[in-house]
Amino acid sequence: MTSALATVVIVGRPNVGKSTLFNRFLGSQVAIVQDEPGVTRDRFERLVEWQGRQFNVVDTGGWMPGGSELDAKVSRQVEAAVRDADLVLFVVDATVGVLDDDQAIAKWLRTSGKEVLVVSNKVDSDKREFDKWEFLSLGLGDPYPVSALHGRKSGDILDEVLIRIPRREGDEVEVAKKKPAYTEVPRIPRVSIVGRPNVGKSTLFNRLVGHDRSVVHDMPGTTRDSIDTVVTTPDGPITFVDTAGMRRRSRVDDSTEYYSFVRALRAVDESDIALLVIDATEGITSQDQRLAERIDASGSPVVVVLNKWEILNADQRDEVDIEIGRKLFFVGDAPVLKMSALTGKGVQKLLPVLQDSIEQYHRRVPTRDVNRVIARAQQQQPAPSGARVLYALQGASDPPTFTLFVNKELPSTYLRYLERAIREGFEFGSTPIKIRVRKRSE
Ligand code: GDP
Ligand code: GDP
């Protein structure tokens with residue numbers, strides 16, 4: 001493990017948006033290091049890279065003060081995580097204000113002697129009233145307003161984190177180290193099939209794979225999070241990752257559901273594209289929304305499947321069409337396919353759409369063109385105080401990742417401006433892209 005690196009721990013009571021923030025950190029601008037396979041970890045730890053430095057971030061899941069035995073166990077894990085931390089991000093919900101649980105956590109953090117940054121989440125717009133004074137009452141300094149869900153200020157908060165954590169040997173990311181070996185080998189793209197229980201994931205999976213794999217899922221005591229199967233398509237092979245097996249575990253309590261959710265998200269993190277299956281007969285439920293939000297926050301491209309479409313009558317179909325726009329707006333331009341996994345109708349549209357998304361994801365833009373787009377953007381709007389990009393290139397694909405060599409640090413607002421220029425200049429559409437920055441002397 002990379003324990004020599006600085007560690008940032010995210011804490012807070014349930015539902016304040018810790019996991020959303022965690023995913024945001026991972027999704028938008030970072031390199032993801034896979035967890036060792038087969039290890040079921042209660043705390044969720046990942047390597048994050050920002051502005052050429054790397055550190056560990058730990059999502060502590062739910063903090064449940066004063067609860068049952070399970071709660072006590074979770075709390076002990078949180079305590080252990082905080083003990084090892086260099087910085088604690090204490091997330092509170094700006095839409096709710098300070099609750100007793102927040103006060104209890106604050107009290108404990110004040111005695112921990114740790115550096116704490118209060119993150120006031122769900123400040124989705126400038127307009128949203130944000131009561132700074134209320135959070136000052138936690139006695140942990142100025143709260144930092146963000147919207148983890150919409151990415152508002154999530155880059156700025158990473159800047160703030162870098163200022164507050166100690167420098168550690170080896171935390172600089174070198175260009176040479178950055179190229180994972182597997183990019184040399186043609187990689188088979190991975191598609192994870194995710195969705196609520198009973199929406200038809202296994203049925204779809206079996207149809208795509210061409211035979212019934214469900215027996216495997218029913219194996220008692222199976223500890224596998226997902227099952228990989230390679231499917232040959234006219235445009236090349238695709239690995240499908242089926243997470244349906246998880247639903248066979250008994251639902252003993254909320255935390256089981258929480259962890260299956262976490263596992264589904266891990267499958268998403270480790271795949272190139274998420275295939276979100278929705279049961280059209282139930283419309284878009286809040287669980288579907290939640291999953292879609294998380295996938296969006298993780299930065300994966302997504303293809304939406306409205307399954308069991310054959311059961312709906314014309315009116316119901318219209319209704320779902322309207323709901324999609326209203327309730328899944330954050331997946332933006334993601335393709336939405338209507339089908340019946342059971343009868344097979346419409347399933348044939350899926351592979352070409354996936355191949356298309358995969359192509360975008362793998363796309364490589366010539367260095368010459370990247371520099372042309374960056375030069376034009378800088379001409380139209382130069383960065384403040386003489387900062388500028390000296391040279392740029394696409395360092396990696398999957399997703400398209402651009403490295404900007406700069407003479408000095410660029411403000412995050414300007415980085416977002418450049419990201420937009422790249423996105424629009426090369427018509428990346430709904431494909432996520434990453435930007436990395438390296439400082440170079442002129
Ligand atoms: P956790 O229990 O602290 O990990 O919280 P989650 O990350 O699961 O988030 C709880 C709920 O708050 C989810 O429905 C999120 O979509 C929502 N949420 C998280 N961040 C934001 C935000 O910035 N704005 C809004 N409006 N909702 C958010
Ligand atoms: P999973 O939990 O998401 O893997 O869902 P399953 O694939 O096990 O499907 C749950 C139930 O929905 C099963 O009874 C399937 O036969 C049924 N089902 C799946 N797809 C369709 C479909 O397109 N139409 C209809 N009518 N039923 C479906």
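Biologist: What pLDDT does the chain average?

Modeller: The model is predicted, and pLDDT gives the predictor's confidence in each residue, from 0 to 100. A score of at least 70 is reached by 76% of the residues. The chain average is 77.

Biologist: Which element of the chain has the lowest mean pLDDT?

Modeller: At the highest end is strand E4 (residues 87–93), with a mean of 95. At the lowest end the mean is 35, and the element is helix H8 (residues 214–218).

Biologist: How many contacts does the stretch of residues 28–43 have beyond near neighbours in sequence?

Modeller: The pLDDT is below 50 over residues 28–43, and also over residues 62–70, a stretch with 16 such contacts in the model. Where pLDDT is low, the predicted coordinates should not be read in detail. With that caution, the count in the model for residues 28–43 is 40.

Biologist: Which residues come nearest to ligand 1?

Modeller: There are 17 residues around ligand 1. By class, 4 are nonpolar, 6 polar and 7 charged. Those that come nearest are Asn15, Thr20, Asp124, Glu293 and Arg294.

Biologist: What distance separates an oxygen atom of ligand 1 from an N or O atom in the side chain of Glu293?

Modeller: A polar contact needs N or O atoms within 3.5 Å. Thr20 places a polar side-chain atom 2.6 Å from an oxygen atom of ligand 1, while Leu149 has a backbone N or O atom 3.2 Å from a ligand oxygen. For the side chain of Glu293, the distance is 2.3 Å.

Biologist: Which elements give two or more residues to the shell around ligand 1?

Modeller: Taken alone, ligand 1 exposes 580 Å², and the protein buries 85% of that. At least three shell residues come from each of domain 1 (7–177) and domain 2 (190–362). The elements giving two or more are helix H1 (18–29) and helix H10 (286–298).

Key
Residues are numbered from 1 along each chain as its sequence is written. Chains are lettered from A and ligands numbered from 1 in the order in which they are written. This is a predicted model: local features need pLDDT of at least 70, side-chain atom pairs count only at pLDDT 80 or more; totals for chains, interfaces and linings use all residues. Side-chain values use heavy atoms; hydrogens and water are left out. A residue is near a molecule or strand if one of its heavy atoms lies within 4 Å of it. A polar contact is a pair of N or O atoms within 3.5 Å; within protein, one must be able to donate a hydrogen and the other to accept it, and residues adjacent in sequence count only if both atoms are side-chain atoms. Accessible areas come from the Shrake-Rupley method with a 1.4 Å probe; for residues, only the protein chains shown count as cover. Helices (H or I, at least four residues) and strands (E, at least two) are DSSP runs, numbered from the N terminus. Ala, Val, Leu, Ile, Met, Phe, Trp, Tyr, Cys and Pro count as nonpolar, Asp, Glu, Lys and Arg as charged, and the others, Gly among them, as polar. Domain bounds come from an automatic or database domain assignment. Contact means heavy atoms within 4.5 Å.
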